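Let's take a look at this one together.

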Amino acid sequence: MKQFDAAIVANRSLAESWRELALEWDSSAGLPEPGQFFTFRASGSTDPLLRRPLAFSAVDRDASRASAIYQVRGQATRLLSELALGSRIDILGPLGRAFPAPGPDEIPILVAGGIGLGPVLFLARELGAARRAASAALAGAAASAGTAAAPAGAPAASAAAPAASGGVAASFAGLAPILVLGFRSALAIPRLELPPDAILCTDDGSRGFRGTVLDWLEREAPEGTARLYACGPAAMLAALAAYARRRGWKASLSAEQWMACGVGACMGCALPRADGKGYLRACADGPVFDSPAPDGAEIDWAAEARRVSAPSPAQSPAPGAAPRSAPSAMHGPAQSATHGPAQSATHGPAQSPAPGAAPPATDPRAKGGHEPRAGEA
Ligand SMILES: Cc1cc2nc3c(=O)[nH]c(=O)nc-3n(C[C@H](O)[C@H](O)[C@H](O)COP(=O)(O)OP(=O)(O)OC[C@H]3O[C@@H](n4cnc5c(N)ncnc54)[C@H](O)[C@@H]3O)c2cc1C
Ligand code: FES
């Protein structure tokens, strides 16, 4: 991890309000892995005061470049979108915990919604590259041993071949990943080179599967052992966590929490632990959290989803008024209704819970809430 000024080598539009940023990456900072993120400051001034996090969507190790896919939402991303090629921005990274590699007998199922697209695409490409490298190594070994090479497209089994790409997937040579991407409609699909076998889901059916990523999983997910990887809004993660539990699968879910310091010092990114023992920090303990976690450090995604979608006092309907329509659970950030106690609108740590503090008063566990179903906010 390192703080440095990085030159912008690409900053292009991908769809309405979606852009792709590529930076010259100082490899002495360490090479980013899928699931990790960096924080940036897009202007030399103190406004906005806090750095903003973006997840890596790709790394070109040969060219020392790193990319992110971002949605223009507020001041920092608007300033970023206006920066010309060659401009330099203040970067801190790579930060956070990366996605773990799947086991050799686990089908990796990768799911993205909203701004979760970047890190999930990064993981898909790394796993694909690792499999191709392992297949090539197997074929080479078979050829030099004078036996027939493995047929093209065959799973690379458990060969311990090094991946071309290195990184988190370096030791992966297992089963072909399944990539499931959720969008509101065809218009929201970024103009990106997506893996040809990516499964596209749209809420309105204007492209690919009609329905949410959860609908797709419920109908089409393979039998057998899988590991679920996902990044997206809290309600999507809550539904995926519940689904994985039901199937007896492991899950590695990445939070897209608001942050303040970004380096573990302020609790501005606190997520509730499933065991009720306080909070975990998205920036330093995550943003990728496993379920089940060996040390019991799991996130209560259902509580987090309810907290994010709960109306703030200012937004609560007047007594007797019709309930507010819930924000979209599956593609959420643009419709996220509130910043909760741990993520103030100013991204400030002042309202953050102390480590291990009692859950905030709005924590629905205190109210005996239920786990949200897919599509429920
Ligand atoms: C680990 C991590 C990785 C991230 N990766 C990406 C990424 O790859 N691409 C990307 O586009 N964004 C990503 N984000 C979210 C990004 O950091 C925020 O969108 C950021 O706050 C934008 O700054 P801004 O000043 O432009 O907008 P802000 O003024 O900060 O926000 C504008 C509005 O967007 C909403 N908002 C902001 N952040 C979030 C959030 N995290 N969740 C839900 N709603 C939010 C709020 O309602 C806010 O009013 C990531 C966040 C984290 C924590
Ligand atoms: S933002 Fe995570 S501890 Fe400060």
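Q: How many bridges join strand β1 to strand β2?
A: This is a predicted model, where local features need pLDDT of at least 70. Residues are numbered from 1 along each chain as its sequence is written. β1 (residues 2-15) and β2 (residues 18-24) run antiparallel; strands here are DSSP runs of E, at least two residues, numbered from the N terminus. R12 sits opposite E20 in β2, and the bridges joining the two strands number six.

Q: Which strands stand at the edges of the open sheet?
A: The sheet has seven strands in the order β4-β3-β7-β1-β2-β6-β5, with antiparallel pairing (strands pair if DSSP finds at least two bridges between them). Two of them have a single partner strand each, so one side of each is left without a neighbour in the sheet: β4 and β5 (58-60).

Q: Why is helix α5 largely enclosed by the rest of the structure?
A: Helices are DSSP runs of H or I, at least four residues, and α5 covers residues 301-309. A residue is buried if 20 or more other C-beta atoms, placed from the backbone, lie within 10 Å of its own. W301 and R307 are among the buried ones.

Q: Which class of residue has 15 members in the shell around ligand 1?
A: Among the 25 residues around ligand 1, Y70, G74, A76, T77 and I115 come nearest (near means a C-beta atom, placed from the backbone, within 6 Å). Seven of the shell residues are polar and three are charged. Ala, Val, Leu, Ile, Met, Phe, Trp, Tyr, Cys and Pro count as nonpolar, Asp, Glu, Lys and Arg as charged, and the others, Gly among them, as polar. The class with 15 is nonpolar.

Definitions and conventions
Chains are lettered from A and ligands numbered from 1 in the order in which they are written. This is a predicted model: local features need pLDDT of at least 70, side-chain atom pairs count only at pLDDT 80 or more; totals for chains, interfaces and linings use all residues. A residue is buried if 20 or more other C-beta atoms lie within 10 Å of its own, exposed if 12 or fewer, and partly exposed in between; C-beta atoms are placed from the backbone.
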